[in-house]
Amino acid sequence: MMEETNDEQPEMVSHEEAMEAEKEATQTSTFSIGSPTTLLPKPLAAPTPLPAFINMSLGIMGNGPSTPTVPTQTSPVSTPTHPKAPESPQIPHEVKTKIPEAAAEPQGFVASATAGGQSLFGWISNNSLVNRVVEKTKSSMETVITTLDPGMRQIIFSGGDISITVASTKENKLIPVRDAFQKVFGKATISGKDSQATTAAQPVGFTAGLKGAEDRIANLRNSGEVSENQTIVAVEGFIVEIIPDRWYELSCLALKDPTHGIELQMFSQPTPIATEYVMTAQEKTPSDYPLRWAGLSVTIGEVIEAAQPHIGHADWQMVLSGVSRRQSLSLAAQSLAYMYKQQLPTSFVS
């Protein structure tokens, strides 16, 4: 198919006509800028109303429908106008200052809550598992504290109704008794007072050992440093030939409680002694020694120290048997404290 040919030709403009048209346009623009009537723009047509759903959403956000404002230019520099904020509704003074009272809870609800709390705490206090956990935690904390600072043990476990005076100020006697009674009773006040026995320097036999412990208790009570009803524990070491040519060293622990009329005795485990040490002590004791019936004038510790200076007389039991005197006294004192607790009145212990 043949395309139609457009016969219309574009109109040609001459150079003179173009110059004249440009000159007229320049004069027209100069006239428009200098004329005061051109400052005001042509009036704008009123805006079309917004759709209904937009008015509804604006009413919800602004607590009421808002009408859009059309800015009008009155001068070349226009000042933006801010819409006036909606005023809050006027509330009477009485309504503003009136504080609503909280609704009182029903007495039944308070009673049930109180009963529930009491039942919860009652369950916790009466639950053996919870009590064991709490006691284990407390014991672990006390162990950590006393391990880091052994001096805190006396502070933590002192007090209570049990008061014991040890007839000695030596640590190897005082500390085992203190630890044992505090372990059995939980809390106990243990103090030491120096007291001497009137028996031989080295008692021989069970009777001499018990007599030395009782002498320490009697001498301390007669000194007036403790009250007449104070419970006293005394420790006295002695040697004994349990079987022929087999000598052992033991300690006698005696307790007297005048208030409850309790008297107890306990002996520590024996520590073997070489026979030559005993024979040396017998040789150094004078024949006219006035307390020869009770024992010897030279202690076994002094003889061992003279024979083996590197051992010393303070804790020779550890060198000879592998168990220190403090350890053996601790077990004996624990048994003594347990027997004492069994004989005390129930009301006094609890």
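Axes here are lines fitted to C-alpha atoms, for helices over the stretch in contact, and angles run from 0 to 180 degrees between N-to-C directions. With that in hand, we can look at how helix H9 (residues 275-284) meets helix H10 (residues 300-307): they pack at an angle of about 110 degrees, and their axes are 9 Å apart. That makes H9 roughly perpendicular to H10, since angles under 35 degrees count as roughly parallel, over 145 as roughly antiparallel, 65 to 115 as roughly perpendicular and the rest as oblique. From H9, the residues in contact (heavy atoms within 4.5 Å) are Tyr277, Val278, Thr280 and Ala281, and from H10 they are Ile300, Val303, Ile304 and Ala307. By class, this contact has seven nonpolar residues, one polar and no charged. Ala, Val, Leu, Ile, Met, Phe, Trp, Tyr, Cys and Pro count as nonpolar, Asp, Glu, Lys and Arg as charged, and the others, Gly among them, as polar.

Before going on, a word about the source. This is a predicted model, in which local features need pLDDT of at least 70 and side-chain atom pairs count only at pLDDT 80 or more, while totals for chains, interfaces and linings use all residues. Residues are numbered from 1 along each chain as its sequence is written, and side-chain values use heavy atoms, with hydrogens and water left out.

Now for the whole chain. The protein chain has 13 helices and eight strands; these are DSSP runs numbered from the N terminus, with helices (H or I) of at least four residues and strands (E) of at least two. Of its 350 residues, 27% count as buried. Buried means under 20% relative accessible area, exposed over 50%, and partly exposed in between (1.4 Å probe, protein chains only). Among contacts between residues at least 6 apart in sequence, 61% join residues at least 24 apart.

Helix H7 (residues 171-185) and helix H12 (residues 325-343) pack at an angle of about 40 degrees, and their axes are 8 Å apart. That makes H7 oblique to H12. The contact of H7 with H12 has 12 nonpolar, three polar and six charged residues.

Aromatic rings also take part in the story. A pair of aromatic rings is described by the distance of the centres and the angle of the planes. Rings of Phe, Tyr and Trp (its six-membered ring) pair if their centres lie within 6.5 Å; planes under 30 degrees apart count as stacked, over 60 as edge-to-face and the rest as tilted. By this rule the count comes to six aromatic pairs. In one of them, the ring centres of Phe185 and Tyr340 are 6.1 Å apart and the planes stand at 65 degrees, so the pair is edge-to-face. Phe185 belongs to helix H7 and Tyr340 to helix H12, so the pair ties together parts that are 155 residues apart in sequence. Phe181, Phe185 and Tyr340 form one aromatic cluster.

How accessible are some of the residues in this report? Here are four of them.

| Residue | Relative accessibility | Class |
|---|---|---|
| Phe185 | 16% | buried |
| Tyr340 | 2% | buried |
| Gly205 | 17% | buried |
| Thr207 | 66% | exposed |

Gly205 lies in the loop between strand E3 (202-203) and H8. Leaving aside residues up to four places away in sequence, Gly205 touches Phe238, Ile239 and Val240. The C-alpha atoms of Gly205 and Phe238 are 6.7 Å apart, although 33 residues separate them along the chain. Thr207 sits in helix H8 (residues 206-222).

One last stop is Asp245, in the loop between strand E4 (231-243) and strand E5 (246-257). Most residues other than glycine have a negative phi. Asp245 has a positive phi, near 60 degrees.
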